[in-house]
Amino acid sequence: MDDWGRFLQQLVNGLSQGSIYALIALGYTMVYGVLRFINFAHGDVFMVGAYAGLFLHRWLVPLLGVVPGFGGALLILAGSMAICAALGIVIEWLAYRPLRTRPRLIVLITAIGVSLLLEYSAQLIFGPNRQPFPDLVETRLVGGFGGLLVKNTQLIVLAVTLLLLGALSFIVLRTRLGMAMRALSFNPTAAALMGVNTDVVISFTFGLGSALAAAGGIFSSMLYPQVQPFMGVTVGLKAFVAAVLGGIGNIPGAALGGLIIGVVETMVVAYSEKIGISSGYRDAVAFVILILILLVKPSGLLGKTEREKV
Amino acid sequence: MKKAALFATAIFLAALTGCKRNDSGAAADKVVIGEFASLTGATASFGQSSHKGTQMAIDELNAGDGLLGKKVGLVTEDDQSKAGEAATVVRKMISRDKVIAVLGEVASSRSLEAAPICQQSKVPMISPSSTNPKVTEVGDYISRICFIDPFQGTVLAKFALSKGWKKAAVLTDVKQDYSVGLSQYFKEYFSKNGGTIVIEQNYSTDDTDFNAQLTSIKAAAPDVILASGYYTEAGLIAKQARQIGLSVPMLGGDGWDSPSLVQVAGAAMEGNFFSNHFSAEDQTPLIQDFIKRYKAKYNEEPDAMAALGYDSAMILADAIKRAGTTDSEKLRDAVASTKEYNGITGKITLDDKRNANKPAVILTIKDGKFKYVETVAP
């Protein structure tokens, strides 16, 4: 395989990892858009999504009598997204809604509390050991030009992520609820005065973001077949970085930020010997990129500079 | 009203947990031993096994005559597999529970955190299965009952060379002292004795994506891959390697010893090898009897961590008996002078650096089970 082939292969590795970050980052950015706070429990919704997939698979296999193929995988994906959407709505309703009028710092700390609650509840219920995730789709190598060999699962993850992003942009740009979401993020008071039911829109935003995180959880478990109660911590943190990198509150920015972090991380590992950075520094890379970009463009890549209102 | 009820519940819960603590805490009529283990978190399987072994030893002691005419109490603290937590819990059990000795940990990084505290407080510490040489270098109160990584790395390198594998790729977990050490000793022996390290790659604990590293390793075309980290990542590494068509055998150290290694990787783990402290296939009556008792108690097969946990508690008990006291200095000397102790994991003699000289076994994974291949003497 020539150098280009290897580069393309690493690019696919990076993009498939990046799509998982992107899917989670969208939830951070949408919630920030409507409520102006960081939902730190979001990474753990990703974890719940993966566990939901695991258990749906366990229940579905005897029910359908076969190991699910592509259709079964879609069913599990949809089921897990629905479960997490409900979870996201419940979290907002129980933990954040009562604090809506309180200072944002209090909500932020509550979010950290919810995050810990989810992590340790998962540890209590599912046990501290890592569990294997079943193969939803049989992994095969797909050949291409230049000796390029990529896993079919990576391509599936990329394709379905693109589909989900398309669906999301349709919802946000073309539906009434999406319009209400944008109105709310533009000016909550004015939106409420214009008859937007803010509670419904906020619930919807949480549901939508959590469903995307669940999809990220399923994809992550497809590529790296292992689930554990704390799997959302690092991934969630990097997705948060991706959201800030793209400009927090900006939806295309979050997707772009996720892909950038996935690709750069992978490239650092792939070419660690050539650029002289040990591949063990992978996690640090995301944060270094963040610092560099924020130095040059404090509002993030696609973020708009908001003037401080006095 | 609601608040009052909540308050009452809180008090009740606090009282409840308080009582539970006192049960295992320091009491004059008990010899209290401390144990810290990763009962939860990334390497939970290590902590769970090690703790089960230790607990079994303590229960057997109490079923007998106890120690020095007293019952034996075990205070177990969970360090959640987290950096920093080991130091906290060990400090806690030394100062609050007044333990006379500390048993733990499996992971070298966490033993290295606790060792300076035990050394400072003059509490003898026995690590059942931390293999990084630095652990016992902390001071004379720290000992271990397993072999060390220079030996384990050599064993693995020798084994690879004897199989005719000349080109090795090394994949190291840079967050774990154990993995860094094992890789280093493997490389030293391997490259001095006719082998070549064709590529070195790193990752950090809790990484799940190894596609980038494995794509690079595949391009370097090695005969064998050393994955010197723990089972938590080794399973994923094997699976992802096989998925991209990288089918050369993989080698690992005792950090692979966990049932979840095969659960995660499935068929991808078949035909790989790792070095370990003991094999459950060993027909020695002592070992088979231990396996029978362990199965009766926990309804599962013991792994090496369980056997080492058991041995560590029994060696401590042996030292307390020989010292005839729990005085820390005398106990330290008694532990250090352990000789020819007939443990489950072999005859244990501590050398002048308080490391055990013991043979290692090489195991392979066949049909999802660990199969004995050979024993390598020190």
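Reader: Before we start, what makes a residue count as buried?

Author: A residue is buried if 20 or more other C-beta atoms lie within 10 Å of its own, and exposed if 12 or fewer do. Please keep in mind that this is a predicted model.

Reader: Then is A:Val45 buried or exposed?

Author: A:Val45 has 31 other C-beta atoms within 10 Å, so the residue is buried. A:Val45 belongs to helix 2 of chain A, which covers residues 42–64.

Reader: What does A:Val45 touch?

Author: Leaving aside residues up to four places away in sequence, A:Val45 touches A:Cys84, A:Leu87, A:Gly88, A:Ser210, A:Ala213 and A:Ala214. As for A:Ala85, that residue is 40 residues from A:Val45 in sequence, and their C-alpha atoms are 9.1 Å apart in space.

Reader: And what about B:Gln120: where does it lie?

Author: B:Gln120 lies in helix 4 of chain B. With 13 other C-beta atoms within 10 Å, B:Gln120 is partly exposed, because the count falls in between the limits of 12 or fewer for exposed and 20 or more for buried.

Reader: How far are B:Gln120 and B:Gly266 separated?

Author: Their C-alpha atoms are separated by 45 Å, and the two residues are 146 residues apart along the chain.

Reader: Let us turn to chain B as a whole. How many helices and strands are there?

Author: Chain B has 13 helices and 14 strands. Its radius of gyration is 21 Å, close to the 21 Å that the globule rule gives for 378 residues, so chain B is as compact as a globular protein of that length. The C-alpha atoms fill a box of roughly 65 × 60 × 40 Å along the principal axes.

Reader: What share of chain B is buried?

Author: Buried residues account for 57% of the 378 residues. Furthermore, of the contacts in chain B between residues at least 6 apart in sequence, 68% join residues at least 24 apart.

Reader: Which residues of helix 3 in chain B are buried?

Author: Helix 3 covers residues 85–95, and its buried residues are B:Ala86, B:Val89, B:Val90, B:Met93 and B:Ile94. Seen down the axis of helix 3 of chain B, these buried residues fall within an arc of 135 degrees, so they line one face of the helix.

Reader: What covers them?

Author: The cover includes strand 1 (30–37), strand 2 (71–78), strand 3 (101–103) and helix 4 (108–121) of chain B.

Reader: New topic: in what order do the strands of the open sheet in chain B run?

Author: The sheet has 7 strands in the order 7-6-8-9-10-13-14, with mixed pairing. Strand 7 (196–203) and strand 14 (369–376) of chain B are the edge strands, each pairing on one side only. Neighbouring strands of the sheet are turned by 25 degrees against each other on average, direction ignored.

Reader: How many bridges join strand 6 to strand 7 there?

Author: In chain B, 7 bridges join strand 6 (residues 167–173) to strand 7, and the two run parallel. Within this pair, B:Ala168 has B:Ile197 in strand 7 as its bridge partner. Helix 8 (residues 211–220) of chain B lies across strand 6, strand 7 and strand 8 (224–227), and runs at about 175 degrees to strand 7.

Reader: Finally, how many residues does each chain give to the contact?

Author: Chain A gives 28 residues and chain B gives 27 residues. Helix 1 of chain A gives the most to the side of chain A that touches chain B, with 5 residues. By class, that side of chain A has 10 nonpolar, 13 polar and 5 charged residues.

Definitions and conventions. Residues are numbered from 1 along each chain as its sequence is written. Chains are lettered from A and ligands numbered from 1 in the order in which they are written. This is a predicted model: local features need pLDDT of at least 70, side-chain atom pairs count only at pLDDT 80 or more; totals for chains, interfaces and linings use all residues. Helices (H or I, at least four residues) and strands (E, at least two) are DSSP runs, numbered from the N terminus. The radius of gyration is taken over C-alpha atoms; the globule rule is 2.2 Å times the number of residues to the power 0.38. Two residues are in contact if their C-beta atoms, placed from the backbone, lie within 7 Å. Ala, Val, Leu, Ile, Met, Phe, Trp, Tyr, Cys and Pro count as nonpolar, Asp, Glu, Lys and Arg as charged, and the others, Gly among them, as polar. Two strands pair if DSSP finds at least two bridges between them. Axes are lines fitted to C-alpha atoms, for helices over the stretch in contact, and angles run from 0 to 180 degrees between N-to-C directions. The arc is that of the directions from the helix axis to the C-beta atoms.
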